[in-house]
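Subject: Structure handover and notes on selected side chains

Dear colleague,

I am passing on the structure we spoke about, and I would be grateful if you would read the notes below with the model open beside them.

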Amino acid sequence: MYDVIALGELLIDFAAKETDADGYPTMKANPGGAPGNFLAALNKYGMKTAFLGKVGDDAFGKLLLKTFEKAGIETKGILTDPSVFTTLAFVTFSPEGDRSFSFARKPGADTRLSFEEIDLTMIDEASVFHFGTLSLTDDPVRTATKKCVEYAKEHGKLITFDPNLRLPLWETTDAAKEQILWGLAHADVVKISDEEVEFLWGITDEKEAAKKLLDEFGIRLAMITMGPKGAYLANQNGAAYAKCPEVKPIDTTGAGDIFGGSAVSRLLKAGKAPEEFSTEELGFIGQFACTAASISTTQSGGIPSIPEEAAVLDRM
C-alpha cells in the first residue's frame, strides 16, 4: 500500500552556478520534476510513495531511477522508452534568485506515457493521487493523466493538485488556463501560488482566491503560497497564515513542491479529512511546510535539498 502515488514529469534540472563574461552559464545537474520533488518530501517525512511516469533509455533516465530508489519512492511504475530522450530543464537565475526556465522537451520522455501503459493496480493501492499540469501539456500523457484522475476519484482516492505553471511549455496562455481549471475542478487539495492565482483570475488577495477555490471549485483545502512572504491555508472550517523563516536562498528550485509534499505529509499523519482541520491545525501545517521549503532554498536542487524533519521542527 502507498500513502501517495503521483503521475507526471521526471526530468533533469540544470541549474546555473555562475556565468562567464558573455553570459554563458556553468550548470549543475540535479534530479527534478515537480511530482518527484513532492513525493521525495513526503518520503522524507515518513510517507510511502510511488511514481507513474516515463524516462528515456539514457544516462539521465538511469540516474533518475537511482535517485528515486534512494529516496524510497517506488519506481516500478516508471517506464523506460528507448525512442525518446529524458526531459531536460535549464534553470537560470536573476540577481534576486528568481528563476527562468528553458526546456528540452520536443518531445521529452515524460510526454510519451500512455494510459494503456499504466498499472492501475498501483492507484488502487494508494490513498492519495497527485498530479500537476506539466502532464497536461501534450498527448498522450494528457489523456493518461485525465483518465487516471477520473479513475482515482471513482475509487475514492483523495486528489491533490499543483498547477505548477510553466508558460514556455504551453502553446498558448488560454491552453494553460483551460487545463489548470480542469485540474482545479477535479481536486480535493490544491497547492497554488499567488502568481498562478493572478494568472488565472487577476486576483491579488489570497483570501479572495481561497474563497473562490473553496466555494466555486469545491476544493476541500486550499494552500496559497506567496514565496518568502509565506502561505495562506483555508478550508470551510477556518483559515491561517504561515510565515517563512528568514534564510539566504541560493536556489529556489523545487521549493513549492517541497512545500506541497511537506504539507500533505502533515495532513496524512493527522488522519483527518482536509475540511476538518481547525485554524490552529492549519497554521501548524502551513508553518511546517513553509519552514521545510525555506530551508530547502539554502541548498542546490530540489530532492537533494529537502531538510530532515528534526531540522524543520527545530527551526519552527
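The notes that follow take up one serine and then several salt bridges.

Please bear in mind that this is a predicted model, in which local features need pLDDT of at least 70 and side-chain atom pairs count only at pLDDT 80 or more, whereas totals for chains, interfaces and linings use all residues. Residues are numbered from 1 along each chain as its sequence is written, and side-chain values use heavy atoms, with hydrogens and water left out.

S135 sits in the loop that runs between strand 8 (126–132) and helix 4 (141–154), where helices (H or I, at least four residues) and strands (E, at least two) are DSSP runs numbered from the N terminus. With a relative accessible area of 1%, S135 is buried; buried means under 20% relative accessible area, exposed over 50%, and partly exposed in between, using a 1.4 Å probe and protein chains only. The side chain of S135 reaches the backbone oxygen of G132 at 3.2 Å. If neighbours within four places in sequence are left aside, S135 is in contact (heavy atoms within 4.5 Å) with L7, G8, E9, V141, R142 and T145.

R142 also takes part in a salt bridge, its side chain meeting that of D139 at 3.6 Å, N to O; the term stands for a side-chain nitrogen of Lys or Arg within 4 Å of a carboxyl oxygen of Asp or Glu. D139 is partly exposed, with a relative accessible area of 37%, and R142 is likewise partly exposed, at 23%. A search of the whole structure finds 14 salt bridges.

Within helix 7 (residues 206–216), K211 and D215 are 4 residues apart and therefore separated by about one helical turn, and their side chains meet in a salt bridge at 2.8 Å, N to O. K211 counts as exposed, at 55% relative accessibility, while D215 is partly exposed, with a relative accessible area of 44%.

R266 forms a salt bridge with E309, the closest N and O atoms being 3.0 Å apart. This pair links distant parts of the chain, since R266 belongs to helix 8 (residues 255–270) and E309 to helix 10 (residues 309–315), 43 residues apart. R266 is buried, with a relative accessible area of 9%, whereas E309 is partly exposed, at 21%.

Finally, K54, D81 and E117 are linked in a network of salt bridges.

Note on methods. Polar contact = N/O pair within 3.5 Å; in protein donor to acceptor, adjacent residues only side chain to side chain.
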